Amino acid sequence: MKKIDLARQYCPTGTPSNALHRLNRYIRDVKGLKEALTHHGYRPKDRYITPKQVLIFHDFLGEP
């Protein structure tokens, strides 16, 4: 899945750029999220995220 598509799910209003910024803020600010993603191969510059990483987002942020 494209990272921008996941960002749009969590922030359906506004521009795609704003949605991506918000998703990156969640990664930075939600305790344990960045560590869990990194443990499963996430890198900040990645444009795609794995299905497992999507599940991690859902675990930490809830279903969009």
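Leaving aside its neighbours within four places in sequence, which residues is Q53 in contact with?

1. On the question of Q53, the residues in contact with Q53, once neighbours within four places in sequence are left aside, are L37, H40, G41, Y42 and Y48, where contact means heavy atoms within 4.5 Å. Q53 has its place in helix 4, residues 51-61, helices being DSSP runs of H or I with at least four residues, and strands runs of E with at least two, numbered from the N terminus. Q53 is buried, at a relative accessible area of 2%; buried means under 20%, exposed over 50%, and partly exposed in between, with a 1.4 Å probe and protein chains only.

2. A word on the basis of this note: the model is predicted, so that local features need pLDDT of at least 70 and side-chain atom pairs count only at pLDDT 80 or more, while totals for chains, interfaces and linings use all residues. Residues are numbered from 1 along each chain as its sequence is written, and side-chain values use heavy atoms, with hydrogens and water left out.

3. Helix 4 has Q53, V54, I56, F57 and H58 as its buried residues, and what covers these buried residues includes helix 1, helix 2 and helix 3. Just after helix 4, G62 takes a positive phi of about 85°.

4. For L23, when neighbours within four places in sequence are left aside, the residues in contact are K3, L6, A7, Y10 and F57.

5. L61 also has its place in helix 4, and L61 is partly exposed, with a relative accessible area of 26%.

6. Two salt bridges are counted, a salt bridge being a side-chain nitrogen of Lys or Arg within 4 Å of a carboxyl oxygen of Asp or Glu. As background, side chains of opposite charge can pair when their charged atoms come close. R28 pairs with D29 in a salt bridge whose closest N and O atoms are 3.0 Å apart; R28 counts as exposed at 58% relative accessibility, and D29 is exposed at 51%. A salt bridge also joins the side chains of R43 and D46, at 3.1 Å from N to O, and here R43 is exposed, with a relative accessible area of 55%, whereas D46 counts as buried at 15%.

7. D46 has its place in the loop between helix 3 and helix 4, and, residues up to four places away in sequence not being counted, D46 touches K3 and G41.

8. The largest pocket has a volume of about 250 Å³. A pocket, on a 1 Å grid over the protein atoms alone, is an open set of points where a 1.4 Å probe fits, with protein on both sides within 12 Å along at least five of seven lines, and lining residues have an atom within 4 Å of a point; the volume is the space filled by probe spheres set on the points, which are joined across faces, edges and corners. Of the 13 residues that line the largest pocket, K3, N24, Y42, P44 and D46 are the closest to its centre. Helix 1 and helix 2 are the elements that give two or more residues to this lining, and the largest share, four residues, comes from helix 2. By class, the lining has six nonpolar, one polar and six charged residues, with Ala, Val, Leu, Ile, Met, Phe, Trp, Tyr, Cys and Pro counted as nonpolar, Asp, Glu, Lys and Arg as charged, and the others, Gly among them, as polar.

9. D5 lies in helix 1 and counts as partly exposed at 40% relative accessibility; the C-alpha atoms of D5 and Y48, 43 residues apart along the chain, are separated by 9.3 Å.
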